[in-house]
Amino acid sequence: MNNQPVTANRRKPLYTAEQRARRDASRWTLAQAVLAPLQFFVFAVSLFLVVRYLLTGNGLDIATASIVLKTFILYAIMITGAIWEKDVFGKYLFADAFFWEDAVSMIVIALHTAYLVMLLGNIGSPVAQITVALAGYAAYVINAVQFLWKLRLARLEPIGAQGVAA
């Protein structure tokens, strides 16, 4: 019989010591730290404007502009995030530590891009277009929670934690 303590609840560290050093040294870490809250702020304002439009029928232009702005900030955070991931983990997307976050990010990008295609191609009614944007917003919320969870895990991780490099 094995008398060793059960370690099934132990997680593989999010970062190796080398990855943590690369993360801390990357200028893209700061870019992410600035863009993430900016994107959330734009999202919150846009969500208000979109819901106001859906409830009252007023403010389509400003709601549309807010969705477009949210989408461009999303593209910026995705591009800088991919560069960050390359700096830290050696690959632009789908590093083991952030695989599921990247997978959901692809859904978020696809929905926001579908909205832009509908808008620019004059496809569907404004309500149909905004419904696609709202689906993108719902996926964004899920994705934001994923990233906040990873941020929490990284902060709880001991500084000297060692893991297998991704």
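Biologist: How many helices and how many strands are there in the protein?

Modeller: Start with the inventory of secondary structure. This is a predicted model, and the protein in it has 5 helices and 0 strands. Read from the N terminus, the order of elements is α-α-α-α-α.

Biologist: What share of the 166 residues is buried?

Modeller: Burial is read from relative accessible area, and under 20% counts as buried. In this protein, buried residues account for 36% of the 166 residues.

Biologist: Now the helix pairs. At what angle do the axes of α2 and α3 cross?

Modeller: For a helix pair, read the approach of the axes, then the angle, then the handedness. Helix α2 covers residues 27–56 and helix α3 residues 60–89; their axes come within 8 Å and cross at roughly 160°. That angle makes α2 roughly antiparallel to α3, because angles over 145 degrees fall in that class. The crossing of α2 past α3 is left-handed. Sorted by class, the contact of α2 with α3 has 21 nonpolar, 7 polar and 3 charged residues.

Biologist: Are α4 and α5 roughly parallel or roughly antiparallel to each other?

Modeller: Take the angle and then assign the class. The axes of α4 and α5 come within 8 Å, with a crossing of roughly 160°, and α4 and α5 are therefore roughly antiparallel. Again the handedness is a separate item: α4 passes α5 in a left-handed crossing. The residues in the contact of α4 with α5 are 19 nonpolar, 6 polar and 3 charged.

Biologist: Which residues make the contact between α3 and α4?

Modeller: Geometry before residues. The axes of α3 and α4 come within 10 Å and cross at roughly 145°, and this crossing is left-handed. On the α3 side the contact includes T64, I67, V68, L74 and M78, and on the α4 side it includes D102, S105, V108, I109 and H112. By class, the residues of the contact of α3 with α4 divide into 11 nonpolar, 5 polar and 3 charged.

Biologist: L74 is on that list. Leaving aside neighbours within four places in sequence, which residues is L74 in contact with?

Modeller: L74 is found in helix α3 and counts as buried at 4% relative accessibility. Beyond those sequence neighbours, L74 is in contact with Q39, V108, I109 and H112. Q39 is 35 residues from L74 along the chain, yet their C-alpha atoms are separated by 6.9 Å.

Biologist: How many salt bridges does the structure hold?

Modeller: The structure holds 2 salt bridges. One joins D24 and R23, at 2.8 Å from N to O; R23 is buried, with a relative accessible area of 15%. K150 forms a salt bridge with E101, their closest N and O atoms being 3.1 Å apart. K150 lies in helix α5 (residues 126–156) and E101 in helix α4 (residues 99–120), so the pair links distant parts of the chain, 49 residues apart. Both K150 and E101 are buried.

Biologist: Is N122 buried or exposed?

Modeller: N122 is exposed, at 64% relative accessible area. The loop between α4 and α5 holds N122, whose phi is near 55°, a positive value in a residue other than glycine.

Methods: Residues are numbered from 1 along each chain as its sequence is written. This is a predicted model: local features need pLDDT of at least 70, side-chain atom pairs count only at pLDDT 80 or more; totals for chains, interfaces and linings use all residues. Side-chain values use heavy atoms; hydrogens and water are left out. Axes are lines fitted to C-alpha atoms, for helices over the stretch in contact, and angles run from 0 to 180 degrees between N-to-C directions. Helices (H or I, at least four residues) and strands (E, at least two) are DSSP runs, numbered from the N terminus. Angles under 35 degrees count as roughly parallel, over 145 as roughly antiparallel, 65 to 115 as roughly perpendicular and the rest as oblique. A crossing is left-handed if the near helix is turned anticlockwise from the far one by less than a right angle, and right-handed if clockwise. Ala, Val, Leu, Ile, Met, Phe, Trp, Tyr, Cys and Pro count as nonpolar, Asp, Glu, Lys and Arg as charged, and the others, Gly among them, as polar. A salt bridge is a side-chain nitrogen of Lys or Arg within 4 Å of a carboxyl oxygen of Asp or Glu. Buried means under 20% relative accessible area, exposed over 50%, partly exposed in between (1.4 Å probe, protein chains only). Contact means heavy atoms within 4.5 Å.
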